[in-house]
Each structure stands twice: as structure tokens, then as C-alpha cells.
Amino acid sequence: MQIDIVTILPSLVKGFFEDSIMKRSIEAGHVTLNYCNPRDYATDKHKQVDDYQFGGGAGMVLKPEPLAALLDDLMQELKYDDIIYMTPEGETFNQKTANYYSQKQNLIIICGHYKGIDQRIRDLYVTKEISIGDYVLSGGEPAAAIFCDAVIRLIPGVLNNETSALTDSFQDNLLAPPVYTRPAEFRGLQVPDVLRSGDFQKIEDWRHDQAVENTRRRRPDLLED
Ligand code: 6GU
């Protein structure tokens, strides 16, 4: 998979992919991340990428010309499955959306800033708008990093244990069951006997029951779907 991230602040995204699973997914060639900066396409001497909004009001808007020139360049080189704009006005991201995008080949992700991007870029280029929740961030970069993490870890081969992603929270609309590691006793609290029984079927049943109970208690809305 190739993901081209359009951002005027690439450093806000980069660190996210320099450790652990995301780093390895890049090193192993499961994903290529490119950072594309609209500032490189600004033509005036100040390399201006934002401007005041028509009609007045607080906050700057990313100008259309540098963004369009950048996107034209990218689209000339590659066919993209989607051009995604990260915005709180988008469709709320969830595990189902992550599964969907993990099967795509080439994506562009546009990070907005200030008040966002000029509407005409949305009208002319953007094919999907995604939000990561009902709150407002200063820019789309953290949202893009979160989107990429959730999607990339689902690409076959990225997680060394192939079943690992399948047993994640949300994968079947259930929260995860509790997990334990050594020692078997910690501050008087015991690991449940069933997990040490060696009986695989009993362990699976216990985990499922715990997942259902966890979900019923904390997120009953998930069970209604
Ligand atoms: Cl995708 N962008 C911004 N700026 N804020 C957000 C968001 C995205 N999702 C939730 N809040």
C-alpha cells in the first residue's frame, strides 16, 4: 500500500511511524508513506499556503492553488483509490472503515489546518471525508496518523501473529477480554484459573464471555448494532 500524506507540518506525523509496529511495517515494505508539502508548490516569494477567508471571520484557510498543483502532480504518477480529507465534518472513523481501507492500494490523505482547506479542493478532488471523533483538533495531522495506524496494522503480514488483529477490540463489535502475564499472583490478585488450565476451548469460551460482559457493561451501544 502507498499512502501519500499531504501536510504543511510533516513532523507532526513522522514521529508516529518511527517506532514499533508502524516502523516495521514500512521497513518490511508493507506500506510506503510519502509526505507531500503544499508549501513546495507555493509560487509566490513568501511561499504562502494560507489566506484570509472570504466573508471575514477568524482563522486562515489553506489556499487552493498549491494544493491543486500538488494533487495534480501525484495523480499524474499514480491512480488513487481515494483522496481523503481529514476533517471533523467527515464520517466518523471506526474499525469497519479501517478494515475497508486496509484493502486499498493507493491513498492520498489531506491534512487541513487553521479553518481547513478551500471548499473548491473538496469539490474537485476529495472523494472521502473522515473524522476521528466529535472534538476539534488544531490540524488533521494527528488524525491522519491515527487513521494510518489503524489501517496499516490490518494489512496481512504487518502483525506477526496473523490472528492478532482478528481478536482486537471492535473486530466483532466486542471489546477485548482482560489479559494477564506473569506473575500468576500479583499483590494478592490471582490470574483466573481457566487461563492456566491449558484447555484451549475453555479459554476461548471464557474470553468470549468476558468480552460480551465487558461490552454490555461499558459499551452497550455496540451490542445493539
Ligand atoms: Cl480529522 N481533523 C481535525 N482538525 N479535527 C478533528 C478530526 C480531524 N477528527 C476529529 N477532530
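Student: What share of the contacts in the chain with a separation of 6 or more comes from residues 24 or more positions apart?
Tutor: Take the contacts with a separation of 6 or more, then ask how many join residues 24 or more positions apart. Here that is 76%. Keep in mind that this is a predicted model.

Student: Which secondary structure elements does the chain hold?
Tutor: Eight helices and nine strands. The radius of gyration is 22 Å, well over the 17 Å that the globule rule gives for 225 residues, so the chain is more spread out than a compact globule. The C-alpha trace spans about 70 × 40 × 35 Å along its principal axes.

Student: How much of the chain is buried?
Tutor: Count residues under 20% relative accessible area. In this chain, 40% of the 225 residues qualify as buried. The accessible surface is about 13700 Å², and carbon and sulfur atoms contribute 50% of that.

Student: Let us take one residue. Is Ala-144 buried or exposed?
Tutor: Buried, because its relative accessible area is 0% and the cut-off is under 20%. Ala-144 sits in helix 6, which covers residues 141-152.

Student: Which residues does Ala-144 contact beyond its neighbours within four places in sequence?
Tutor: Met-86, Ile-109 and Cys-111. Tyr-85 is 59 residues from Ala-144 in sequence, yet their C-alpha atoms are 9.1 Å apart.

Student: And the charges? How far apart are the mean positions of the positive and negative ones?
Tutor: Average each set, then compare the two places. For 24 positive and 35 negative charges, the mean positions are 4 Å apart.

Notes:
Residues numbered from 1 in each chain as written. Predicted model: local features only at pLDDT ≥ 70, side-chain atom pairs only at ≥ 80, totals over all residues. Heavy atoms only, no water. Helix = DSSP H or I, 4+ residues; strand = E, 2+ residues; numbered from the N terminus. Rg over C-alpha atoms; globule rule 2.2 N^0.38 Å. Buried < 20%, exposed > 50% of the residue type's maximum accessible area, 1.4 Å probe, protein only. Contact = heavy atoms within 4.5 Å. Areas by Shrake-Rupley, 256 points an atom, 1.4 Å probe, with all protein chains shown as cover. Lys, Arg positive; Asp, Glu negative; His and termini not counted. Charge placed at Lys NZ, Arg CZ, Asp CG, Glu CD.
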